Amino acid sequence: MRTTNRTRPLLLTPGPLTTSDATRAALDRDWGSRDSDFIALTGRLRVRLASLAGGADTHEAVLLAGSGTAAVEAALQSLVPRDGRVLVLVNGAYGRRMAEILLRLGRDHVVQERAEDEAVDPSAVDALLRADGRITDVAVVHCETTSGLLNPLDAVASVVGSHGRRLLVDAMSSFGVLPVEAARLGLTAVMASSNKGLEGVPGIGFVVAEREHLLTCAGNAVSLSLDLWAQADGFRRNGQWRFTPPVQVAAALDAALDQLDAEGGVAARGARYRRLHARLVDGMAALGFEAYLPPALQAPVIVTFRDPGPPFDFAALYDALAADGIVLYPGKLTRAPSFRVGCMGAIDEADIARALAAIGAHLGRWSVTIPSHGGTGALR
Ligand SMILES: *Cc1c(COP(=O)(O)O)cnc(C)c1O
C-alpha cells in the first residue's frame, strides 16, 4: 500500500509527478544553505546520484537549481569545448531542444533526424562519425518523452566509443527507472532531474559527468550560473552550492531516494512502472485506444495514444478528468494527433485502474465508443 493521499491530484504526465506523503513531508523544514547538515545532505545526494548513474568511482554529480532543461543547457555548454562539434540525434522534441540549445549557444552542431516512431540508428551514427572527423561529441535522448520511445543507448554508446568521441545522454525520464550505466558505457554525461522517475519534487536538474573530463572543462561555459565546471569545483572546495540552493527540494529528493532504495532500487522501480504500463495499455485497448508505438520501442514511463478523432474529444476528456483530480497530457508529436498518459510517479495499479474507470465513465456518459483496433501493444 503506497501512502499517497488520494485526495491529491493523480498526475499521469511526464512530470511533475504524483509524489508520496513522505517526500512532501520532507519539504516541511528550513535549512541554512551554509549549515553543516545541509552540506552533508548535498554531499549525500551527489554520491547517491553518481552511484545511481553507474558512475560511483568515475563520475561526479553536479546539481543545479532549475528544471531538467537547465541541466541539459549546462551540460552542453560546459562539457563540449567551445571549438567542438556536436552530432545531435533527434527523434522527438527533446532531441530537437538540444539542437536549439546549441544554436543559441552558437556551438557548431549537426543533426541526424529520424521519424518520431523510429529509434535512432546506431549504424547511421557510425557512418556519420566515420565521414565527419570534426565531430567531437554526440548528444542523444535515452527515453524520448515526446512519444515514450526508448532509444538503444548501449548500441549508440558502443559506436560512439569506438570512434573515440564523447557521448552526452539526456536521461531525464529514464533515470531511476531503467539502468543507465555511465562507467560501463563510457558516458561523458547523464542529465536528469529531481521530479521524474526519482519521484522528488521539481526544482533540481543535475548532470552526472565523467570526472576526468569535467576537470578539463574550465572556461567552456558561456553562462555564469550554468557552469558545471565551476559548480563541481565549488562542491569539491567547500561542499556548497554557488547560488541559493533549493534547500527543501534537495531534502525532498533525499527522502525520495530513501524510498527508491526501500522499493528495491532501479530494477524494482522499473518493474513497478512496467506493471503500471501493462495495466494502462491493456485498459486503454479495452476502451478502444491504440498505442502509437510498437511495443518493442516503448519505454515504461509514458504512453502516446492515437487520438481516434470525432466523436472522441481529448480536450473534453482532459477537462472532465481534471475535475476528478486526474491529469493526462496532450500529445507532442509533430504529425499524428495524439495524447499521452504517464505511468510514472508514486502511484500503484489501483491509481491506473481509477483513471481507466474514470475515462470509461466519461466516454459512457457521452456515448462515445471507439472501434477496436486489434492488438494491445502492451510490453511483455
Ligand atoms: C522532461 C524532459 C526534459 C525537460 O525537463 P524540464 O524539467 O521540463 O526542463 C528534457 N528531456 C527529456 C527527455 C524530458 O523527458
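These notebook entries record what I looked up in a predicted model of one chain.

**Conventions**

I number residues from 1 along each chain as its sequence is written, and I use heavy atoms for side-chain values, leaving out hydrogens and water. Because the model is predicted, local features need pLDDT of at least 70 and side-chain atom pairs count only at pLDDT 80 or more, while totals for chains, interfaces and linings use all residues.

**Entry 1: domains**

I began with the domain assignment, whose bounds come from an automatic or database source. Domain 1 covers 10-17 + 264-365, and domain 2 covers 25-261. I found their centres, taken over C-alpha atoms, to be separated by 27 Å. I then looked up the contact between them (heavy atoms within 4.5 Å): 29 residues of domain 1 touch 31 residues of domain 2.

**Entry 2: the seven-stranded sheet**

Helices (H or I, at least four residues) and strands (E, at least two) are DSSP runs, numbered from the N terminus. Two strands pair if DSSP finds at least two bridges between them. In which order do the seven strands of the open sheet stand? I read the order as S2-S10-S9-S8-S5-S3-S4, with mixed pairing. The edges are held by S2 (59-65) and S4 (108-113); each has a single partner strand, so one side of each is left without a neighbour in the sheet. The twist from one strand to the next averages 20 degrees.

I followed one pairing in detail. Strand S3 (residues 85-90) runs parallel to S4, with six bridges between them. Val 88 faces Val 111 of S4.

Two helices lie across S2 and S10. For their directions, axes are lines fitted to C-alpha atoms, for helices over the stretch in contact, and angles run from 0 to 180 degrees between N-to-C directions. Helix H2 (residues 36-52) lies across S2 and strand S10 (204-210), at about 120 degrees to S2. Helix H9 (residues 228-238) also lies across S2 and S10, at about 105 degrees to S2.

**Entry 3: the three-stranded sheet**

I next looked up an open sheet of three strands, which has the order S11-S14-S13 and antiparallel pairing. S11 (302-306) and S13 (329-330) are its edge strands; each has a single partner strand, so one side of each lacks a neighbour in the sheet. S13 and S14 (residues 338-342) are joined by two bridges and run antiparallel. Tyr 329 stands opposite Arg 340 in S14.

**Entry 4: helix H11 against helix H13**

H11 (residues 265-287) and H13 (residues 349-365) pack at about 15 degrees, and their axes are 9 Å apart. I class angles under 35 degrees as roughly parallel, over 145 as roughly antiparallel, 65 to 115 as roughly perpendicular and the rest as oblique. H11 and H13 are therefore roughly parallel to each other. A crossing is left-handed if the near helix is turned anticlockwise from the far one by less than a right angle, and right-handed if clockwise. I noted the crossing of H11 and H13 as right-handed.

Among the contact residues are Arg 275, Leu 276 and Arg 279 in H11 and Glu 349, Ile 352 and Ala 353 in H13. By class, the contact of H11 with H13 has eight nonpolar, two polar and three charged residues. Here Ala, Val, Leu, Ile, Met, Phe, Trp, Tyr, Cys and Pro count as nonpolar, Asp, Glu, Lys and Arg as charged, and the others, Gly among them, as polar.

**Entry 5: helix H3 against helix H4**

How do H3 and H4 cross? The axes of H3 (residues 68-79) and H4 (residues 93-105) come within 10 Å and cross at roughly 55 degrees. H3 and H4 are therefore oblique to each other, and their crossing is right-handed. H3 contributes Thr 69, Val 72, Glu 73, Leu 76 and Gln 77 to the contact, and H4 contributes Arg 97, Met 98, Ile 101, Leu 102 and Leu 105. I recorded six nonpolar, two polar and two charged residues in the contact of H3 with H4.

**Entry 6: backbone details in loops**

I found a cis peptide bond from Gly 15 to Pro 16, with omega near -5 degrees. Pro 16 is in the loop between strand S1 (10-11) and helix H1 (21-25). Pro 310 and Pro 311 are also joined by a cis peptide bond, with omega about 10 degrees. Pro 311 is in the loop between S11 and helix H12 (314-323).

Glu 199, although not a glycine, has a positive phi of about 65 degrees. I located Glu 199 in the loop between strand S9 (189-193) and S10.
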